[in-house]
Amino acid sequence: MTRLSDAQHGMWINERMGAGTVYHMPVVIRFGAPPDPGALAKACASVVERHALLGMAVEDRDGVPYLVPAAVRPELAERREIDLERGPLITFTLSGDELRVVAHHLVFDGQSKDILVADLLAYYRGASPEPARPAQTPPAGSVEGARAFWAERWREPGDTFVPGGALRSRRAGPGRVLEFSLDLPPLVEPPLDGLTRFEVLLAAVHGLLNSYGNTDVVTALDLSTRTPAQEGCIGPFVNELPIFSRPMPDASFAEFAASLRAELRQVYAYRDIPLARAVPGIRPHAALAPVSVSYRRATVAEQDVEVEWLAFNQAVRGALQLQVLDHGDRLTASLRYNPDEPVAPERFAADLGVWLAAVAEDPYRPLSTLGAVTGGGAEGAELGDISEMSPSSPRTPTPAASAPGSADPLLAEITAIWEEVLQMSPIEPDDDVFDLGGHSLTITQIIARMRKRLNVDVSLDDFFDNPTIAGVLQVIRK
């Protein structure tokens, strides 16, 4: 039994808020001819035995989620859905010559796809992968350092303008997808020498969003937290963090990309600290910004099979989610988008391609002229400046409640639960849970204990809107 990490806890909360299939990570293997079902079933079982996380479920113990052995073992089946509470957290479905594997992000990340496919094909072909090393959890970075770092940078993302309107969604929901290929400029010549392919791509995305009318740009970014000791292990070694930039029109693309690289290097120092632990009072969101970017390199050579690495899960985090896979000789992109948002996916994909082509032709070109090659400008949108926005909306003070020693028994019982979970006393009715060092895990524990002992239920949204004992009491008595 293992308690979920802070990053896993954030996913678990979003699941409870209705994330649907957004955390389902499918990969499809096509064999070219129907495979031997018996041999494939044994291979699937061997993979789960090798990577024990895949055979787990999630158990809620008074608001604290733990990984426990699944009630149902993963096996090759015609159809099975992921069930967090009963497990397993991976499914294997065979249809003709196509094997569809779906794992939950709680125990899986992008590089886990490569590891799973390599191990599965090795077992199926009668080989044995090298013995797996146990995944060692590296020492966590300084939460205090992360708090100081993000205190200077974090701004609650506002609208992200695109042609046609403003993107706002940061929730999980049903999505659609556009798949396309991308060409990146060569990196061996100055001034792009020293930049990675990922850094060039991210700079192009930020520059393009700036050309649409966003003075300040923010994108959510999936960052790997793997250490060398975890390279062969399946697991959720990833953390989503925001990256902010303010592209200057007179700067060349090369200059802007270098400045963005410098910012990334500073963010990397805190890549293993979830933002919710570093920023008090931040609400759970499936995406930290309306636009998010994910990039990884493919590490498995496909032999006699066709692998669909970016298989779509029919969902999207936020308004626009760009996933890019670097095969070395080519880039494939999967643009997931919310159809209820004013997204023109074909326009965005085409504009990004034009930007990269223009950068390849002249990396010294000013950002203002690069924006001109795509037309730029958000139709009918008013420009917003993230830097001028307050980190969060001011909270309305709640009426002062009676003191814990008063004749209000419900107030006394709620206060006792807060003091028990936060391990401090006394706590006053108007003390803010975040000022007391609380975070999302603290809140789920308080909610669970109020539900169990007092038979009252307060939603996460209501708690975040009213993060005091007095505020919670007011919600209950509405």
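Reply: In this predicted model, R153 counts as buried because its relative accessibility is 18%, and the limit for that class is under 20%. The salt-bridge partner of R153 is E152, with 4.0 Å between the closest N and O atoms. E152 is exposed, since its relative accessible area is 63% and that class begins over 50%.

Side chains of opposite charge can pair when their charged atoms come close. Over the whole structure, the search finds 29 salt bridges.

A second pair may be set beside the first. D109 and R226 form a salt bridge in which the closest N and O atoms are 3.0 Å apart. D109 belongs to the loop between β7 (98-104) and α3 (110-124), while R226 belongs to the loop between β12 (217-224) and β13 (238-245); the pair therefore ties together parts that are 117 residues apart in sequence. Both D109 and R226 are buried.

The model holds 4 cavities of 30 Å³ or more. The largest cavity contains about 470 Å³ of space. It is lined by 27 residues, and those closest to its centre are A7, G10, M11, E240 and H285. Two or more lining residues come from each of α1 (6-16), β13, α7 and α11 (440-454). Among the elements, α1 gives the most to this lining, with 7 residues. By class, the lining of the largest cavity divides into 13 nonpolar, 8 polar and 6 charged residues.

The second largest cavity has a volume of about 70 Å³. V162, P163, L167, Y212, L320, V343, A344, R347 and F348 line this second cavity. Its lining comprises 8 nonpolar residues, no polar residues and 1 charged residue.

The nonpolar side chains form a further part of the picture. In soluble globular proteins, nonpolar side chains tend to be buried together. The largest nonpolar core in this model has 72 residues, of which L54, L99, L116, W418, M450 and F463 touch the most other members. Helix α10 gives the most to this core, with 7 residues. When neighbours within four places in sequence are left aside, the contacts of W418 are Q423, I427, D431, V433, I446, F463, P467, T468, I469 and V472. Another core, of 67 residues, lies apart from the largest one, and its members include V162, A220, I243 and V291. V162 is also among the residues that line the second largest cavity.

The backbone, finally, has several features to be noted. The peptide bond from G87 to P88 is cis, with omega near -5°, and P88 is placed in the loop between β5 (76-77) and β6 (90-95). Another cis peptide bond joins S425 to P426, with omega about 0°. P426 is located in the loop between α10 (409-422) and α11.

D62 is a residue other than glycine with phi near 55°, and its place is in the loop between β3 (56-61) and β4 (64-69). With a relative accessible area of 32%, D62 is partly exposed. For Q314, also a residue other than glycine, phi is near 65°. Q314 lies in the loop between β15 (306-308) and β16 (315-317), and it is exposed, at a relative accessible area of 51%.

Methods
Residues numbered from 1 in each chain as written. Predicted model: local features only at pLDDT ≥ 70, side-chain atom pairs only at ≥ 80, totals over all residues. Heavy atoms only, no water. Salt bridge = Lys/Arg side-chain N within 4 Å of Asp/Glu carboxyl O. Helix = DSSP H or I, 4+ residues; strand = E, 2+ residues; numbered from the N terminus. Buried < 20%, exposed > 50% of the residue type's maximum accessible area, 1.4 Å probe, protein only. 1 Å grid on protein atoms, 1.4 Å probe; cavity = no way out; pocket = protein on both sides within 12 Å on 5 of 7 lines; lining within 4 Å. Points joined across faces, edges and corners; volume = space filled by probe spheres on them. Nonpolar A, V, L, I, M, F, W, Y, C, P; charged D, E, K, R; others polar. Core = buried A, V, L, I, M, F, W, Y, C linked by side-chain atoms within 4.5 Å. Contact = heavy atoms within 4.5 Å.
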